[in-house]
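Hi there,

Please read them with the model open beside you.

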Amino acid sequence: MKLAPRLGLAFGVMLALLVGLGLFALSQMDALSRLNADLYEHPFAVKGAALAVDASIVKINNHINVMSDSGDANAISAELAKAADLQRQVKEHFRIIHERFLGHPSLRLRAEERFTRLMAVAREVAALAGAGDLEAAQAKAKGEGVAATMEAVAAMGRVRAFAEGKAAEFFAASERASAQAMVAVWLAMAVALLTGLALTMLFARSIVLPAKEIAAAAEAVAGGDLSRRIGYHGDDEIGQMAESLRRMLAGVIGEGQSIKNGFTVPFWTADKNLALTFMNQAAAAIASDITGLGPERIVGRLTVSEALADEAGMVAVLAADCLASGQKQQAEVSFNHAGARTILHLTTSRLLDQNGLVIGVMGVGVDITARRQAEVALRQREALLNDVGALARIGGWEVDTVSGQGKWTAATYDICEYDPGQPSPPVDEFVESYLPEYRAGIASKIKNLMELDQPLLFEAQFVTAKGNLKWARVQGRAEREGGRCTRIFGAFQDITEQKRAGEERKLLEAQLRQSQKMEAIGTLAGGVAHDFNNILSAIIGYVELALLDSAGDEALRGNLEQVLKSSWRARDLVAQLLAYSRKQLLSMSTFGLDEVVGRNEAMLRRIVGEDIDLEVNLSPFTGVVRADVSQLEQVLLNLVANARDAMPTGGKITLETDNVHLDENYAARHAEATVGPHVMLAVSDNGPGMDSQTQERIFDPFFTTKGAGKGTGLGLAMVYGIVKQHGGSIYVYSEPGQGSTFKIYLPRVTAPSGDLAEPALLAQPVGGHETILLVEDDDVVRDFSGRMLERLGYVVLAAADGDDALRLAASTERVDLLLTDVIMPRMSGKELARRLSAQRPEIKVLYISGYTDNVIAHHGVLDAGVAFLQKPAALHALAAKVRQVLDA
């Protein structure tokens, strides 16, 4: 066979092989291109839509919280409208997911169902808030709202995870297609090289000289020098062969360029000096953005570090390390490309010639910008959930029931005071952290959740990792696959403060009810005091008149004295009721409580008897109070007597005084307390103590635990009234079998302490001869009062009301004293005194009344310098007060 046919046949076979391999490589590149397109068309589109739905879910949850806290109907409607707009956007995202989701439709359907439930909760919260039931709206938002939000987010997470899995499958297929394409290129080059060598050896003798140039050119091309050309031309078969080789070379170069340009990912090659020898379109676009030059001015002129300068300079480092070590180098590199940040996963490999010698390096980059952005968005969403959980003190938890592995959010670690670096404890172990009385119930609820799919909801106390006791509200749901529980998850909320606030609120409400009850009883007691006093005034007055007329009749005198004693006892009972109702007239002075205890200590020891030990512990630096000393002595006497009666077989009573400061925390827990400096008087005994039911009633009037005839039940009621009238507070600490302590807190004042006056001795009544105008609307009181004054030597003009008094005064030349009741029909005593004083400036005025001090105060009688006498008044008290006013 001639050279020409043989060469033609050989070259024909070689070209056919090259064309076949080239077509195979092109088909692989086309498949790679389609895979890359599918990667963005399907999984990444689904993942992007899922991320958008996630963002909308978080926003809808925010709208739910805003609606639950708002009482404004317009604001609620606006928030609900925003949620509806988000729902329409989510429907469009679900349409994208539906059209492009590859397999597992149940995941998408479950996500749509969870989102529908979230919107239903939003509308329910809006309805509750719009109806004004903010408490129910907040409860639903924090309960079902949070649970629905977490379920929707979890469902979308599974959709996104499936899409990421599909993306990984597509990427793996793309890698395989890329590898096959590269093998095809290398195979084509190898075939061309082997074919050339075989032809050279076959026709060495006949074409040695003319073929040297062809061989040298082929050697250069095989070494990567694609710019080498064959200069031999002739009409013989060698010439024809040279021409064929020239055409072959052109084809190889063209096919190689087509293969390289067919890559959709950035691809480039460089020689051993890192000067760029080739860039496909994707790599050229990046290099042009960096340098501002076209590809034709970059290839063969600029190095990798100049044309592909990433933010950290890693491209040049990877290429140099690859040339030096011979190993593939991989890293993530970032470029500012097309006005945005592009992140590539770059792989560099050596380029070798047919002899295995290094001739350069090539780089292939895979764009992972979208993946990294999704990861950042996921981390931001997790951070947002952690921040929201920390703010609301709501954590999340989940347990894989198959593997037993659990997971907590940051808020859960914080609430339980666990180290965030340690794994969450197993379910059984954490149940043991709850108080014993809750454990069995919690274990049963968890079992029902896993086996019967019953929602988990309970409130219980638990001990944190640091030993602190807290309250938690736990909610949970189960996730099943094929009827089997594979996962349980839910919310973990710290409700310690809510529980504490609830207990404090109940305590304050109870204190308020007690205060209101005692105030109502006090008002009733004060209201009847006037009538009792008028009745007692008449009884006492007439008995005293009868005593004055009973000289010589000892039997009658004895009987009258017993009536008088009983009347004074009745007056004392009325005084105790007035003290309880805080209506007593007080004679205020400044002194120390230790002075009161000190000067009454001897009397108190006689009262308690020999079988009771009285211990007195007085603080040497106790502050002073402003109070009525006689009233506080009565308080001290009643408390000591009450303690004595509680220990009929003997015991110990302790009296203490001290300075204390009641702070805001104490005042918040005790409704009647005031903030500030106080002086404390404490009376303690080691008697039988009291239960809580008795403590709730001890200050009620007429309540007593003593037997019939042994007490009126007004002693502690009077103590309570006196203390409250002085602006103080009283608290009882007692337990059955542990004794009782009564602590009285009176406001401390900065004024200096005065000397306590000794009680005055009762003097004989002193009268006079002045003219007194007596004005009293009660006929009985007016009659005996006039007779008493006449017995004292005074001239008495008696009037039933103000008009009658003015007529008597007008017809009388001299009136020295106006003795008038304060409250009368048509004209008050104050108005009568004003009109008479205008006519007679020299007239003296003495007011008398059976009403309580707050009623009298409204009539301006208790002003400084005004003389006043409280009914019922004994003869000597009336005589002394009248003489005092006339002599002033």
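**A patch on the surface**

Ile535, Ile539 and Val563 make up a nonpolar patch on the surface, with about 230 Å² of accessible area together. Patches are built from residues with over 30% relative accessible area and no salt bridge, joining like charges within 9 Å and nonpolar side chains (Val, Leu, Ile, Met, Phe, Trp, Tyr) within 5 Å. Accessible areas come from the Shrake-Rupley method with a 1.4 Å probe, and for residues only the protein chains shown count as cover. You will find Ile535 in helix α15 (residues 496-548).

**Before you go further**

This is a predicted model, in which local features need pLDDT of at least 70 and side-chain atom pairs count only at pLDDT 80 or more, while totals for chains, interfaces and linings use all residues. Residues are numbered from 1 along each chain as its sequence is written, and side-chain values use heavy atoms, leaving out hydrogens and water.

**The whole chain**

The secondary structure comes to 26 helices and 22 strands; these are DSSP runs numbered from the N terminus (helices: H or I, at least four residues; strands: E, at least two). Of the 888 residues, 45% count as buried. Here buried means under 20% relative accessible area, exposed means over 50%, and partly exposed is in between (1.4 Å probe, protein chains only). The accessible surface of the chain is about 44,200 Å², and 55% of that belongs to carbon and sulfur atoms.

**Helix α4**

Helix α4 (residues 105-130) has 26 residues and should span 38 Å at 1.5 Å a residue, which agrees with the 37 Å between its end C-alpha atoms. The expected span is 1.5 Å times one less than the number of residues. Its buried residues include Leu107, Phe115 and Val125. Leu109 also lies in α4, but this residue is partly exposed because its relative accessible area is 45%. Just after α4, Gly132 takes a positive phi of about 90°.

**Salt bridges**

The structure holds 30 salt bridges (a side-chain nitrogen of Lys or Arg within 4 Å of a carboxyl oxygen of Asp or Glu). One of them joins Glu144 and Lys140, whose closest N and O atoms are 3.2 Å apart. Why are Glu144 and Lys140 separated by about one helical turn? Because they are four residues apart in helix α5 (residues 134-202). Glu144 is partly exposed at 32% relative accessibility, whereas Lys140 is buried at 19%. Both belong to a network of salt bridges that also links Arg117 and Glu124.

Asp804 and Arg807 form another salt bridge (3.8 Å, N to O). They sit three residues apart in helix α23 (residues 802-810), about one turn of the helix. Asp804 is partly exposed at 22% relative accessibility, while Arg807 is exposed at 54%.

**Loops and cysteines**

Ser619 lies in the loop between β12 (612-617) and β13 (624-628). Is Ser619 buried or exposed? Ser619 counts as buried because its relative accessible area is 15%. Beyond its neighbours within four places in sequence, Ser619 is in contact (heavy atoms within 4.5 Å) with Asp594, Thr657 and Asp658.

How many disulfides does a search of the whole structure find? The search finds zero, counting a pair of cysteine sulfur atoms within 2.5 Å as a disulfide. Cys322 is buried, with a relative accessible area of 0%, and Cys485 is buried at 10%.

Best wishes
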